[in-house]
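Please look at the structure below.

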Amino acid sequence: MVIMRYYYLLMLLSLFGTAFAQEARTVRGRVTDSGNSPLPGVTIQIAGTQSGTTTDLEGLFAIRITTGELIFTYVGFKETKVMVNETTNDLVVVMQEDVLFLEETVVIGYGVQKKKDLTTAVAVVDEKEFKNKPITSAAQALQGKAAGVQVIQPSGKPGGELAVRVRGATSVLAGNEPLYVVDGIPTDNIRGLSPNDIVSMSVLKDASSAAIYGARAANGVVLISTRRGEKNTAPRLQFATYYGISNLRKNIEVLNTKRYRELMEEIIPGGLDPSQTDFNSWPDIVFGTGNTQSYQLSFTQGNDRSSQYVSIGYLNDQGMVKPARFDRYSMRINLDNQLMDWLKLGTNLNLISMKTKDTPDNASSGRGGVIMSTLNTPPFLNIYKDDGSGQFDPNPFQPSWENPVAYMEGPDQESIDNQLSGSLFAEATIIDELKYVSRFGLEYANHQWDYYLDPFRTNFGRNNNGIGRADKSNAYTVLWENLLTYSLKHEKHKLDLLAGSSIQRHKWNQSYVEGSDFPENTSVRTLNAANIITASTRIEEWAVASFFTRMAYDFDNRYYATFSMRRDGSSKLANHWGTNPSFSLGWRVSSEEFMKSLTVVDDLKIRGGWGKAGNQDGIPNYSAYGLINYYRRPPTNPLSGPAQVQVTYGNPDLRWETTTQTNVGIDLSMLNTRLNITADLYLKQSEDVILNVQLDNSLPITTIQTNNGSIENKGFEFNINAVPVANKSIRWSSDFNMSFNKNKVISLEYTDVHFFGRIYSNNQDVAIVKAGLPLGSFYGYVSEGVDPETGMIKYKDVNNNGIFDTGDRTVIGNAQPDFIFGFTNTLSYKKFDLNVFFQGSYGNDIFNATRIDLEGMFDSKNQSTVVLDRWKNPGDITDIPRAIGNGNVDNVRNSSRFIEDGSYIRLKSITLNYRILEKRKWNTINQLSVYVTGYNLLTFTKYSGFDPEVNAYGNSATEMGIDYGTYPQSRTIIVGLNVEF
């Protein structure tokens, strides 16, 4: 009996062993297209499990399975299923191309839509477009990647803001940035969003697509989708990191001590101490080597009921000019749960902490600008005094002009921003066709900026016995949205309906304190030790309530019609409510019988749309009311005590700006989707443009904000995507986009002209807003060169009155480009991937105000080597005027002398990636790759300044293309690693 028991036990163990052996069996195979070319990267999954693999570059795969079904999926191809039994091996799987590759879905306002069914102008930028690049902002990923979208990096400082324009600027004062919607939550700040967490961005460019966001959509909408877990996927741990160094791409040569002394003898004869013969190359001292590093760890998994995505990241970007630095710590948690068959819950949570150190720029050397001080500081000056005191060496001609290192290292300053944003949503399926979604969102932001200038090392600090400043603010935004969607499909008819409401409220409070006269011989830096100079507090609020609807009809995948309407009520205006309608039509020409013989055409669609959208975000929160400032008079005042003064007039008739846009486009796909073309024509007209209108100077307040004009943008844009080569050994894909936009101010009702862009060194405005001109127009005198007899600049008598006066000023340039473009090529060979991305702008002018202080020769500032060709004697023929001194700015008036061609072509990035491992190794590593990227390596331009992508006035739409000691962009080399476990 005992023997029999052991016998049965051995039989059971044998059966289990056989089963185990069957589970361990490896099935191999190859996946190709219909032309027998291998398909790399095909996803292969065992049906009903989380197990799977992918094909290598040769289309080969190996997977462990006994029996069951394998599911093969690949972008642009139809899903393929293959049954596997006990004897299956050496599979050959042929996948059929999905001619309508546009079956992929695109995120649109409050929903998704198949790409092939779009009737509006939507550009999609997915993660592969910016992978393995040292970008710190989501907006950077759009540059050169989406037709009709212009992205300008005004300054090269780490953590700096970007200017994003979707089909041109529509406003003077109310803002021109698009509305960002991150996982359904509207926001105007994506600075803290980690690009590593983004999976795709959809840009709603025309009003028929953006109008569903109503009074906040006039400048376009960017819908950002972050990563989420996928159902029925095995746990995956991914780690991505890179490290890079950066430096100055191009220098500006300035005079050495010998040449500087010769110049000073002409400007200030005998003004320089003969013993001052030292030489410091300030550009070599200031422009150092920056570095950047990034680390991101993410985890994702999912089963048939829930999925999770969690990531933590750290980014550090140390600029090439100290102390500029940007640090960002981020954490994201995205959860999805199918609680019941009819109820789904989801959560998005993002935690961010940012630290920023600033390098002051966009200012003259006399006002703390580090870049201008680097170029203008006398070359004989030292960093520190020779007496060992640790004080910075002052300028002997003007002690208040510190040397650049004093501006860099003198103040101790840092800003800290902490943000929490998240949402909770529930989706209930009432019946198969009817769904209800409720979403609650919260965004909280805390800002703190502290500044301390000691009372010893700098001249400014000594004069004030130290200076301390503190700025703190808190802001929160809450959102509650409710959506009801209904989808009906019957034979050839398909109808999708949407109805919804949205309530959003924002509150912000701020406190600011500044003090001086810190105690001597103490290390206390807090403001409680100082004499308070000024202190203030502010609280502001706004709210928006909205109701919206959309209807989309599709007949036989051939004829399309979409209609939407949104009604918004804003607390910022006395007339709270406004309506924004839109419609669009589409015709799939390729579905018509007469197109059947054109087999080369896979898909051809003509579409058109019209709509209205508003711009209420940039309007002051209390513009409908006259604001009063409360303050307290000092004790020395006979009327000491609380007081008040009105600071603005209210305008109860103020309306938000409204943009009406008409769009006509075409989508063409050919050659089995290997050639895809999208082109659009548009007309964009903005009414009720808000401006400050000048009132009588006798009034206590001399301006009032009112609706005062209209602006027009019209243009043409196209995108061409092609796969010229795709065979078993090499794959080459190419993407080219180009955008033409013409901007013009159509009318100004109450004031004929507005001036902007005051240049400190000559105290003159250089930008003009006037009917008939584009925004970004430069205004000044026309330079006719140097008078050979006097050495002074001659200016054209534009008004022909025989004298030189302000009437001789005219339009001298335009910062708007004729066109912008982006060109991307990706080449894959075996395990290597090469990505080359060019980006550029043509036809835009730059007003190089830096040259005013570098070629003016009107005071003791050092100058560029260009002035070596200056006029010295009567009869000299040159384009550089004489050295004049005494603060005389006659030769540096805002004129065409300082207008330069800002066109450029830039090798924005080049990346070489090597895929070391592409399938599981040692039961731990799924994928492993290393790469090297060059960023901003080459720039082809005629511009004489540091960099042609520049604006001293940030993202202003009126003061564009002005270079005034702006922190230049750097060129960067990084090496990176991506690994998946």
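In strand E15, Val-203 is the bridge partner of Ala-123. This is a predicted model, in which local features need pLDDT of at least 70 and side-chain atom pairs count only at pLDDT 80 or more, while totals for chains, interfaces and linings use all residues. Residues are numbered from 1 along each chain as its sequence is written, and side-chain values use heavy atoms, with hydrogens and water left out.

E10 and E15 (residues 198-204) pair in the antiparallel sense over 5 bridges. Strands here are DSSP runs of E with at least two residues, numbered from the N terminus, and two of them pair if DSSP finds at least two bridges between them. The open sheet has 5 strands in the order E10-E15-E16-E13-E14, with mixed pairing. Because strand E10 (122-126) and strand E14 (185-187) each have a single partner strand, they stand at the edges, and one side of each is left without a neighbour in the sheet.

Next comes the largest nonpolar core, which has 24 residues. Such a core is a set of buried Ala, Val, Leu, Ile, Met, Phe, Trp, Tyr and Cys residues joined through side-chain atoms within 4.5 Å; buried means under 20% relative accessible area, with a 1.4 Å probe and protein chains only. Leu-142, Val-149, Met-201 and Ile-224 touch the most other members. The largest share of this core, 3 residues, comes from E15.

Leaving aside neighbours within four places in sequence, Met-201 is in contact (heavy atoms within 4.5 Å) with residues including Ala-123, Phe-130, Leu-142 and Ile-224. A second, separate core of 19 residues includes Val-106, Leu-179, Val-221 and Ala-613.

Methods
Helices (H or I, at least four residues) and strands (E, at least two) are DSSP runs, numbered from the N terminus. Buried means under 20% relative accessible area, exposed over 50%, partly exposed in between (1.4 Å probe, protein chains only).
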